[in-house]
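Subject: Structure handover

Hi,

Here is the structure we talked about.

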Amino acid sequence: MKLWLTITAAALSFGAAANNLTFNDTLAYQLTESLTVEVGQRLAGSEADARAVAWAERTFKQLGYDKVWTEPFTMQYWERGQASLTVSEPFRQNLVVTALGGSVATPFDGINAQVAMFDSLEQLKTADPALVKDKIVFINKSMEKDKLGSFYGSVVGARAQGAVEAAKLGAKAIIIRSVGTSINRFAHTGIMRYSDDVARIPAAAVSVPDAQQLARMLERQPELTLQLQMQNKLPGEVTSHNVIAEITGSKYPDEIVLIGAHLDSWDEGTGALDDGAGVGLVMATAALLKQQARPQRTIRVVLFGNEEGGLVGARAYAAKHAGNLNKHVFASESDFGAGRIWRLDTGFGKESLAFANSLQQKLAGYGVEAGSNTASGGPDVSVLKAQGVPVVSLQQDGTDYFDYHHTPNDTLDKIDPAALQQNLQVWLHTVSAVANSRIDLRK
């Protein structure tokens, strides 16, 4: 039975007044649409990020949450500028490129250099410096598709660490094949890192078809040259916010069931899959459960800031709430798009596995299988798991997720409303089961 069917007529009338939101199983989609249309891209620390925080505060209140507040944290702000990549000689043509998040700019007139191509970050690390010095490094490592997105971890190191390793060998810049699975000409951005004791060189990604094109060119002419120009800015430290809202528990208000998503997104698309859908899901879940019947434990929804920059908001939350993390009885996050949930993974104590089995059986009607007890809970929530908070990962089908992730193609039309409704039903059942139980999931 769908939990939303038990919601009262009063809730429906409230929803009509609340910015035309309707309290039914489309609520998660309505909220995702609202965020992506009214705010759109929301790079952490930007003016759009501030508008997203204001949108979240306002919408939580419209949804009838008992408490709504923000918690500030400081962060380094990075701003994307114009970027171009041109094959100068001998195959003169433009390639689709995007700066990696955090990258320094090139000189104003760009960098013109020959190319040193590698199949992987590991191959680059063992390269002869003479083959790299004064060149643009190109790491051409492909990523495979699968339901769990398992191959992301084996590829993303080139994005995160490639600039440091290339600079150690004297490279002028680095470009990587996009960490994604799309065959369309959309370059895939994402955070990269520098080391204080290594020179900072520009870092960018080319689309998969352009990476393939460049590799074919290098087979024909190993000494071809590239012209890379990027005008990124590093304005300095700014303040962003986590946005938090609660439905106060009727019997055990000091016991916190935390559900979360991240509010920020990269600035290329509108952040519908990453992580607008997650925002819509967790906001809708607690609001609908309150309308059904106030939960016994407090449900806290946290929209973390600057996940994309390295879980910055999550770390700030964990630090601020370190003194009462023992009162956090559960945590979970939605941050893997909007595909159907197909597996329940837990991070519980051994005595609580019977509860996990019982929950999975209730979810089986939605196509949810039993998984492992090694769940992370999600990127931001993994910070809480490390402090001993029990977690759940409601695993979504991510087969196509990396076709869109961190690209201009991450837009609302990529979300299947029916799949998002299935997500919402699974979230409603899961959170209700924990919030209305006396189970100690640490045991």
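Asp 275 sits in helix α9, which covers residues 272–292. The bond that joins Asp 274 to Asp 275 is a cis peptide, with omega at about 10°. Keep in mind that this is a predicted model.

Helix α9 also holds Lys 290. The side chain of Lys 290 forms a salt bridge with that of Asp 66, at 2.9 Å from N to O. Asp 66 lies in the loop between α3 and β1, so this pair ties together parts that are 224 residues apart in sequence. Asp 66 is partly exposed, at 33% relative accessibility. Lys 290 is partly exposed too, at 21%.

Other salt bridges

The whole structure has 17 salt bridges. Here are two more of them.

- Arg 51 and Glu 47 pair through their side chains at 2.7 Å, N to O. Both are in helix α3 (residues 47–62), four residues apart, or about one turn of the helix. Arg 51 is partly exposed, with a relative accessible area of 35%. Glu 47 counts as exposed, at 52%.
- Asp 196 pairs with Arg 200, and their closest N and O atoms are 3.7 Å apart. Asp 196 is exposed, at 77% relative accessible area. Arg 200 is partly exposed, at 47%.

There is also a network: salt bridges with shared partners join Asp 66, Lys 290 and Arg 294.

A charge without a partner

Which side chain of opposite charge is nearest to Glu 71? It is Lys 320, 4.9 Å away. Glu 71 belongs to strand β1.

Two residues other than glycine have positive phi.

- Leu 311 has phi near 55°. It is in the loop between β12 (297–304) and α10 (312–320). Leu 311 is buried, with a relative accessible area of 14%.
- His 406 has phi of about 65°. It is in the loop between β16 and α13. His 406 is buried as well, at 6%.

Pockets

The largest pocket holds about 830 Å³ of space. Its lining has 39 residues. Nearest the centre are Tyr 152, Glu 307, Asp 335, Phe 336 and Pro 379. Which element gives the most to this lining? Strand β16 does, with four residues. Elements that each supply at least two residues are α6 (152–155), α7 (157–168), β14 (341–347), β16 (391–396) and α13 (417–435). By class, the lining has 14 nonpolar, 16 polar and nine charged residues.

The second largest pocket holds about 500 Å³. It is lined by 24 residues, and Gln 76, Trp 78, Gly 102, Ile 191 and Arg 193 lie nearest its centre. Two or more lining residues come from each of β1 (67–79) and β10 (233–247). The largest share is that of β1, with five residues. This lining splits into eleven nonpolar, eight polar and five charged residues.

Best wishes

Definitions and conventions
Residues numbered from 1 in each chain as written. Predicted model: local features only at pLDDT ≥ 70, side-chain atom pairs only at ≥ 80, totals over all residues. Heavy atoms only, no water. 1 Å grid on protein atoms, 1.4 Å probe; cavity = no way out; pocket = protein on both sides within 12 Å on 5 of 7 lines; lining within 4 Å. Points joined across faces, edges and corners; volume = space filled by probe spheres on them. Nonpolar A, V, L, I, M, F, W, Y, C, P; charged D, E, K, R; others polar. Buried < 20%, exposed > 50% of the residue type's maximum accessible area, 1.4 Å probe, protein only. Lys, Arg positive; Asp, Glu negative; His and termini not counted. Salt bridge = Lys/Arg side-chain N within 4 Å of Asp/Glu carboxyl O.
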